[in-house]
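Please walk through this model with me.

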Amino acid sequence: MKGTNLGEFEELVLLTVAVLMDEAYSVAICDELEKTTGRVAKLGVVHAVLNRLEEKGLTKSQLGEATNVRGGKRKRFYQVTNAGREALIKSKEIRDELWGRISDLSLSGI
Amino acid sequence: MANRSPYPPKWAERFLSWYCRPELLEDLQGDLNEYFDRNLKKKGVRKARFIYVLDVLKFFRPYTIRKPEILNLLINFLMLGSYIKTSRRNLVRNKLFSGINIFGLGVSMSVGLLMIAMLVDLYSYDRFHVNHDRIYRLISRFEQNGHSNSNFFATSSLKAGTSIKESVNGVQDVALLKDGFSGDLESADKKLPIKGYWANESFFDVFSFELVQGNPATALLEPFQVVLTESSALKLFGTTQALGMEVGREDRAYVVTGVMKDPPVFSHIKFEMLGSLRSLEVINQDNPDLMKWDNIWDTWSYLLLDKDADAAKMKASLDQFSAQEDKTVQNTHIELDLQPLSDIMVGENLANQIGPTLGSTVLRIFIALTIVLLLSACFNYTNLSVARAMGRSKEVGIRKTIGAFKSQIVGQFIIESVIISLLALGFSLVLFFLIRPHFLSMEASLQHLLRLDLSPVLVFFFVAFAVFIGIAAGVIPAVSFSRINTIAAVKNMMSSPGVKGISMRKALIVFQYSISIIAITATLIIFKQYKHFIHYDLGFSTENVLNIRLQGNGADLLRNELNKLAEVQEISQSMLISGIGHYSGVSMKNPNDPLDSATVYYNTVDENYLALHQHRLLAGTNFNPKPVDSVETEVIVNQEVIKRFNIADQRVQDVVGQMVSLDGKDLVIVGVVENFEYGKANNQTGKEVVFRYANNNANYLNVKVQSQDLPATYAKMEAIWKQLDPAHPFDAKFYNQQIQDGFKGLEASVKIGGFLSLLVICISSIGLLGMVVYTTELRIKEVSIRKVMGSSEVGLLALLSRSFVNLLTVSAVIAIPATYLFFDKILLPQIPNSLPLELPEMVLGSFAVLMVALLMIGSQTLKVARTNPADVLNRE
């Protein structure tokens, strides 16, 4: 299943990474996701997804500076790579395309 | 890091950093810390810690787990040779300790091997059936008028077996086995008793028994067909080519339609022949009971389920099925369930088993005892190794200085203990072969159940077991060695090993000795009960009485022949043997109250029986001899019957001459006998007993023998039997032997208990010896100085042994009351007629154990106390 295909939650996480820009590390991503989607984002799940995104080459990461919070441990910051951006745009295009083909009429009929 | 603020659990942190890949670790730790801090504020310390642990466990995922580091493995592998070399040197250097450890582990492992061999045997049962994982046995529970049997029976009704395929979905095929086919088979020139079952035509579809000749599809299809095993065909015809031959059974001719291989040892169903179930439809044409829904007593049904059927989900349809069939009988509910084939040998002990099984209770007790024994031996190893830390601390210190990791130190010591346990395995294998025959002969059924043969699988399990024991015994010493502080060790500043972990070591010794005392005391108590029961005064004489099972022969002919022997004093006949657990009940009406009736137990005897067994008549007379086949008119009752029915207001003299109704017959009471044990001395069933008269159709001849040479007399009788009945083997036993056989279970517990307590005592004694040797040697300098200062030998002896004696006293104080309470309050009240506990058996065992221990402590401390102080102090 590797490739540019994005799962629904993967897409959300990737978008959040893009939104948070320089502050995108695991705990912040969790918080942001909870805030915007309103559903509980478990650290374990988010962590696994971030790891997978990095494996797919959609994000890259590096360790930040050590601070005296977090027991002195450094944070890992994530950035969206070009491939990641392409995947996001592509998925948005697909959605837009589909949305565009839905006439107002048929939508209200649902 | 904020000091003194609450921190996450240490072990969870350590676990995380142990399993997590290094590149993910820091980030993960940070995240968890951040969450921990948050939860700390919101939910408090305990909750936060709990969540932390939970999260650590949740992160244990494939992508986070560290790949084993090849380099480290390689180093460990390269060092293996060195570890083995140092281990060998250490073994040789400390011969006493190695000996104690190998002996202790070996002794307890031999019992472990026995257990493994037994489990392997039991779990290999019925595996030869191709569909073994799809075969289930239909079991049933009987409930009448709201009284339910709590246990399931292994049997079910023939009705359920034959109609379940139509009524319940998911059943592919049903094999039925019905009891009652065993009997004498007649070939052209022989008549032999052969064991077997009625079986239906699907038998060979469900099971994979191998048919050598004949067609499995039709071999049991038609009435009056029989399938013989190779060995029974050989017995009957002298050849296994028996296809198409004819055999006679109970005046009917059966055609041999198949010859099959003998059932394998590891088949829970064993037989010598199978008769087609269809024959029963002809024989029992007008027997309405055969197909009754509540006749659940003698048919075993084995279901072959569909490939996609789920046995767990079939219970509902089984309940539906039985609810529907319950309507055909009154006030009775039969609950059905499925039991997997693999569960039959090791599962719950059901009543009405088709053959002997061990049952989960016995298995669990045996496993528990073995584990206690193994633990005891492992404790020895742990104890002694930790105590020796001093001797090895320098070695560990130097290894660490050179650059050994903790893990490598642990590895080294674990390898050492694995080597010891492998050596112990060799020793225990020898023991295993020595005790195997004794173990198997302990119970007659064990020989048929188990083989305990060495197979590659078994050898694999043995080695794996030894490695496991080695690791289990070695892990605590290994870890404690790896923690040794390098600088302190090298600078010789180690605290005395007597100080560290001393309470743990004391606790282990107390544990071992408590177990030893409990084991030996329990064995003594059971032994005393056993003696008590086999010499129990049953209320009649059993001395020199030989009971011969007639096996269908007429009594008269044999009696006349036996009477010719000079050694035979008297002969009587009886339907059953009292006092060994045979029961036969009959309904008796209360003469005072027409509405009341109760079951009384009975034995049918002839006029010689009461005199021969010296039953005491309280009133009236013995039976009057009558011709064969005369109408039954007389009965002799015991005191309990009079009490139960209040006959003649319990005046014994007036009871004689009263009429009672028994089994629908009106009988006159001609005599009253004193109460006696009808069933078994440890069973309360069968208090009200009557004797009925019959001088034919007896099952046993009771022969009173007076002889100097009993075996010769026995042989003479056997010769007479052979002439009269060549088909059946002579089956005769002395009464006292039969009583003893009735308590085989107790006898076996005494043997096992005795053996195990011997082992436990052995192991704890040598463990103690090791500890004493070690601690006294450590104190040798102190002893010498004390001696120089003028201490007496007796004083030194007391000084050195005091702490050990205290430990032993503590063990006795724990163990004796525990054993007493268990037997006095829990076990013995459940056994009727048991002997109350007495002081001797309570303290004798502990006394013996303590004497052995004191002997060992004494001999060692005396040796140290006697050393010349000059020799020791000169060394400085």
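What follows is a set of questions and answers on a predicted model.

Q: Which helix gives the most to the side of chain A that touches chain B?
A: The contact draws 14 residues from chain A and 14 residues from chain B. On the chain A side, helix H2 (26-37) and helix H3 (43-56) each supply at least two residues. The top contributor gives 4 residues, and that helix is H3(A).

Q: How many residues of the side of chain A that touches chain B are charged?
A: Chain A brings 14 residues to the contact. Of its residues there, 4 are nonpolar and 5 are polar. The charged ones number 5.

Q: What distance separates the centres of domain 2 and domain 4 of chain B?
A: Chain B is divided into four parts: domain 1 (10-58), domain 2 (132-341), domain 3 (360-531 + 745-874) and domain 4 (545-736). The C-alpha atoms of the chain fill a box of roughly 105 × 70 × 65 Å along the principal axes. Taken over C-alpha atoms, the centres of domain 2 and domain 4 of chain B lie apart by 36 Å.

Q: What percentage of the residues in chain B is buried?
A: Chain B has 29 helices and 24 strands. Among its contacts with a separation of 6 or more, 81% join residues 24 or more positions apart. Burial here takes 20 or more other C-beta atoms within 10 Å. Of the 876 residues in chain B, the buried share is 37%.

Q: Why is strand S14 of chain B described as largely enclosed?
A: S14(B) covers residues 545-549. The rest of the structure largely encloses this strand, because its buried residues number 4 of the 5.

Q: Which residue stands opposite Ile548(B) in S24(B)?
A: S14(B) pairs in the antiparallel sense with strand S23 (residues 700-705) over 5 bridges. There, Arg549(B) faces Tyr700(B). S14(B) also pairs with strand S24 (residues 732-734), again antiparallel, over 3 bridges. In S24(B), the residue opposite Ile548(B) is Ala732(B).

Q: Which residues have the most contacts inside the largest nonpolar core?
A: This core has 143 residues. Domain 2 (132-341) and domain 3 (360-531 + 745-874) of chain B each give it at least three residues. Leu274(B) touches several residues beyond four places away in sequence, including Phe203(B), Leu220(B) and Val226(B). Those with the most contacts inside the core are Ala199(B), Leu274(B) and Leu303(B).

Q: How many residues make up the second, separate core?
A: Its members include Phe623(B), Val690(B), Phe691(B) and Tyr693(B).

Notes: Residues numbered from 1 in each chain as written. Chains lettered and ligands numbered in written order. Predicted model: local features only at pLDDT ≥ 70, side-chain atom pairs only at ≥ 80, totals over all residues. Contact = placed C-beta atoms within 7 Å. Nonpolar A, V, L, I, M, F, W, Y, C, P; charged D, E, K, R; others polar. Domains from an automatic or database assignment. Buried ≥ 20, exposed ≤ 12 C-beta atoms within 10 Å, placed from the backbone. Pairing = 2+ DSSP bridges. Core = buried A, V, L, I, M, F, W, Y, C linked by C-beta atoms within 7 Å.
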